[in-house]
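Please look over the sequence and the structure before reading on.

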Amino acid sequence: MVVDGSRNFQFEKPIPNSPETMRLEFMAPEEFKRGERDFRVDVQKGVHARACTGGTIAVAESEIYQLAGRLPDGSEFAASVRVTKPHALVMLKLLALDDRYRNIRGPAEARHDREEARTHAADIVAIVSAQLDIARFSEAFRHQFESDPPLGERVSHILEEYFRENVSPGMWSMKNSLLLTGRWIGMFVARWRKRSNVRTMFEDSADGLRC
């Protein structure tokens, strides 16, 4: 079913034997949108995608995985799925976090946007914290912007604004979420900016995020 208010680019359906609903959102690289004030990207009749800043990078920085399983009716099914790499996903999450936190959609969406901003912030910390080699991850994060330096600079400002200190918006917005290992994200911010005097938000804590 088409999602109200997001016609033809967001769809949802109930998950069998579950109270949850699955939502699909079609996104496409920003350069393919219809016009300056039209966020839509044509896909096919009855379906369009939402223009996504960083979409080209997200596609380039991805890998194909083979998945196999059974459908709800019991029949076997296999598919090739393109999955965005962690460093590109963090880039997309940072952009989404900034949009939600600034509530660009207006007062009517303020409460929903706050909840979404908290989710994006928690996702970013979880992704970075899961990396086994933060130096390699940071290098891949930096390398992805070689084709779009202005976007890299924008993402850099967002990263520092929301995660540089333990009182930054991206940190306190997670005050009600589970404790997540946080040392990596401090190292990540420092490596990304390459500043010897950067104060990371976890320099006084060896155990992780203190809410």
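**Overall make-up**

The model shown here is predicted. Its chain has 211 residues, of which 36% are buried. The secondary structure comes to 7 helices and 7 strands. Read from the N terminus, the order of these elements is β-β-β-β-β-α-β-β-α-α-α-α-α-α.

Strand β1 covers residues 10–14 and strand β2 covers residues 21–25. The two strands run antiparallel and are joined by 5 bridges. Two of the facing positions can be named. F11 stands opposite L24 in β2, and E12 stands opposite R23 in β2. Between the strands of this hairpin there are 6 residues, and in the hairpin N17 takes a positive phi near 60°.

**A glycine before α1**

Strand β5 spans residues 47–52, and G54 lies in the loop between β5 and α1. Is G54 buried or exposed? Its relative accessibility is 11%, so G54 counts as buried; the cut-off for a buried residue is under 20%. A28 is 26 residues away from G54 along the chain, and the C-alpha atoms of G54 and A28 are separated by 9.2 Å.

Helix α2 takes in residues 86–101, which makes 16 residues. From its first C-alpha to its last, α2 reaches 22 Å, close to the 22 Å expected at 1.5 Å a residue. Several residues of α2 are buried, among them H87, A88, V90, M91, L92 and L94. The buried residues of α2 also include K93 and D98. After α2 comes N103, which has a positive phi near 55°.

Helix α3 has 20 residues, and at 1.5 Å a residue α3 should span 28 Å. The end C-alpha atoms of α3 are 29 Å apart, which agrees with that expectation. Buried residues in α3 include A110, A117, A121, A122, I124, V125, I127 and V128. D113, H120 and S129 are also buried in α3.

**The nonpolar core**

In soluble globular proteins, nonpolar side chains tend to be buried together. In this model, the largest nonpolar core has 25 residues. Which residues have the most contacts inside this core? They are V90, M91, L94, V155 and F163. The elements that give two or more residues to the core are α1 (55–60), α2, α3 (110–129), α4 (134–143) and α5 (149–163).

**A nonpolar patch on the surface**

Some nonpolar residues lie at the surface instead. Y65, L67, V81 and V83 form a nonpolar patch there, and together they have about 330 Å² of accessible area. The elements that give two or more residues to this patch are β6 (62–70) and β7 (76–84). V81, one of the patch residues, lies in strand β7. With a relative accessible area of 31%, V81 is partly exposed.

**Salt bridges**

Side chains of opposite charge can pair when their charged atoms come close. A search of the whole structure finds 7 salt bridges. The table gives some of them.

| Residue pair | Distance, N to O |
|---|---|
| R34 and D38 | 4.0 Å |
| R70 and E76 | 3.3 Å |
| E139 and R142 | 3.0 Å |

E139 is partly exposed, with a relative accessible area of 44%. Both E139 and R142 lie in helix α4, where they are 3 residues apart, about one turn of the helix.

Definitions and conventions. Residues numbered from 1 in each chain as written. Predicted model: local features only at pLDDT ≥ 70, side-chain atom pairs only at ≥ 80, totals over all residues. Heavy atoms only, no water. Patch = residues over 30% accessible without salt bridge, like charges linked within 9 Å, V, L, I, M, F, W, Y side chains within 5 Å. Areas by Shrake-Rupley, 256 points an atom, 1.4 Å probe, with all protein chains shown as cover. Salt bridge = Lys/Arg side-chain N within 4 Å of Asp/Glu carboxyl O. Helix = DSSP H or I, 4+ residues; strand = E, 2+ residues; numbered from the N terminus. Buried < 20%, exposed > 50% of the residue type's maximum accessible area, 1.4 Å probe, protein only. Pairing = 2+ DSSP bridges. Expected span 1.5 Å × (residues − 1). Core = buried A, V, L, I, M, F, W, Y, C linked by side-chain atoms within 4.5 Å.
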